[in-house]
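Welcome, and take a moment to look over the chain before reading on.

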Amino acid sequence: MNDRSLNNHPKILALLPGFIPSTLMDVVAPLLKLEKSGYVNFNITLEFYAQPRTFKNKDLIIFCRNTDPRYKRLWDYVVEQHIPYIYDLDDDFYAMSQDNPLGSYHSMPTNLNMLTQYLQHAALVRVYSISLLERLARMGIAAELVTPPLNWDLIYPRKKTTLEGPVRIVYATSRKQDTLSDLFAEALHRLLRTHSGKVEIHFWGFCPETFQKIPGVVVHPFNSNYADYLRAFSSCEYDIGLAPMLDDEFHRGKTNAKYREYGACEIAGIYSRVPLYATCVQEGETGILVDNTPDDWYTALVRLVEDNYLCRQIGQAARNDNWRLHAPDRFEQVWMAQITQALSPKLEICRCYNQPLPEKTRSRVSWQNQRVVALIRRLKETSPMEWFQNLRLQVRNLVMMAQIRWRKHI
């Protein structure tokens, strides 16, 4: 590691597998803010586009959700060049269900093995849940627990002080197929029957088939740009928010994103009574906690729909609580302290090299040739529709990188 002080703007590179809400919120947005404040020199690229020259003169690398063994050569290069790196882990991939494409991908043994290597050799590992912190400790991997972020710049202040017209209930998700909505579906159908014309249901990103084309139900398409989504979401000024959750190994590794977003928007949330929410929601004050039964969900919905004062009171208390827990710039301050730690000459940087490096087979084929061979192999294995979808994704990635690199915003 070169002898560079923080006063000389350390050069930091985020090497990500893709642009999704978690990588943008947890890594890109706070590092851009630190750069604008004059603390770091920040750049970003995706694994697909990276080459050895990408790492030239970089002081620190940041990984987030990187598990694909096809890009192991990039990690090999970082370790061989003794470039310290931070790994930001926001999901428990070790406990992911295989009943969906994303879970099947991340839970592949080859991907989990690659993830373990990333974590074992990191200068610092960031996690967002006690459950995941404890899992890594059992694996002999030290990590630091971080409070999740909340970007207040993306939240429009609420203008309505009283409920007007139908009570607006919202459920938002980024999942293409969302099974968590099954937890409240029966209760919500019942509410639409008993309170017809008095409520309006909004689904963001995914709408269960049983709710489609029903009067009083509004569907908003998924918006992959999280900043645009949160601005639009907060401007709608919803009254009640639904936050279903399961209490299993995988979901215990999640963060309380719904409580942060609903609370910041002054929405009175109804939350599953699981540790994820029971540890942050004050029952009857900053939210309503329910058991995952149709009767419990229905009772809570009716309670808030029929008591306008309680609904607004909970929404306002939730906003105040989130402002206290997630004060502006606090997340960036934690990032800066951890960057300082990872770059400090006093840090045993080679904690990341104390672990024996895995044996690797050296290929005589150049990186460029490897990419060509891999491209041809994927061409043979991929359908025309999949290629079209991949092309759209790559175009979106290039546009996003252009925004970040040259316009310095997302």
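Leaving aside its neighbours within four places in sequence, which residues is Ser129 in contact with? The partners are Leu145, Arg252, Gly253 and Lys254, where contact means heavy atoms within 4.5 Å. Ser129 sits in the loop that runs between β5 (124-127) and α5 (130-138). With a relative accessibility of 5%, Ser129 counts as buried; buried means under 20% relative accessible area, exposed over 50%, and partly exposed in between, using a 1.4 Å probe and protein chains only.

A word on where these values come from. This is a predicted model, in which local features need pLDDT of at least 70 and side-chain atom pairs count only at pLDDT 80 or more, while totals for chains, interfaces and linings use all residues. Residues are numbered from 1 along each chain as its sequence is written, and side-chain values use heavy atoms, with hydrogens and water left out.

Now step back to the whole chain. Its secondary structure comes to 15 helices and twelve strands; these are DSSP runs numbered from the N terminus, with helices (H or I) of at least four residues and strands (E) of at least two. Of the 410 residues, 51% count as buried. Among contacts between residues at least 6 apart in sequence, 74% join residues at least 24 apart.

Two residues show how parts of the chain come together. Tyr156 lies in the loop between β6 (144-145) and β7 (167-172), and at 46% relative accessibility it counts as partly exposed. Tyr156 and Arg231 are 75 residues apart in sequence, but their C-alpha atoms are 6.5 Å apart in space. Glu200, in strand β8 (residues 199-204), is also partly exposed, at 24% relative accessibility. Beyond the residues up to four places away in sequence, Glu200 touches Pro166, Val167, Arg168, Ile169, Gly216 and Val218.

Ile169 leads us inside. A nonpolar core is a set of buried Ala, Val, Leu, Ile, Met, Phe, Trp, Tyr and Cys residues joined through side-chain atoms within 4.5 Å. In the largest one, of 63 residues, those that touch the most other members are Ile169, Phe233, Ile240, Leu242, Ile270 and Tyr277. Apart from it lies another core of 31 residues, including Ile61, Tyr71, Val78 and Ile141.

Finally, look at how helices pack around α11. Helix α10 (residues 294-306) packs against α11 at an angle of about 100°, with the axes 5 Å apart; axes are lines fitted to C-alpha atoms, for helices over the stretch in contact, and angles run from 0 to 180 degrees between N-to-C directions. That makes α10 roughly perpendicular to α11, a term for angles of 65 to 115 degrees. Arg303, Leu304, Val305 and Glu306 of α10 make the contact with Asn308, Leu310, Cys311 and Ile314 of α11.

Helix α8 (residues 257-264) also meets α11 (residues 308-325): their axes come within 7 Å and cross at roughly 115°. The two are therefore roughly perpendicular to each other. On the α8 side are Tyr259, Arg260, Gly263 and Ala264, which meet Gly315, Ala318, Arg319, Asp321 and Asn322 in α11.

Methods. Parallel < 35°, antiparallel > 145°, perpendicular 65-115°, else oblique.
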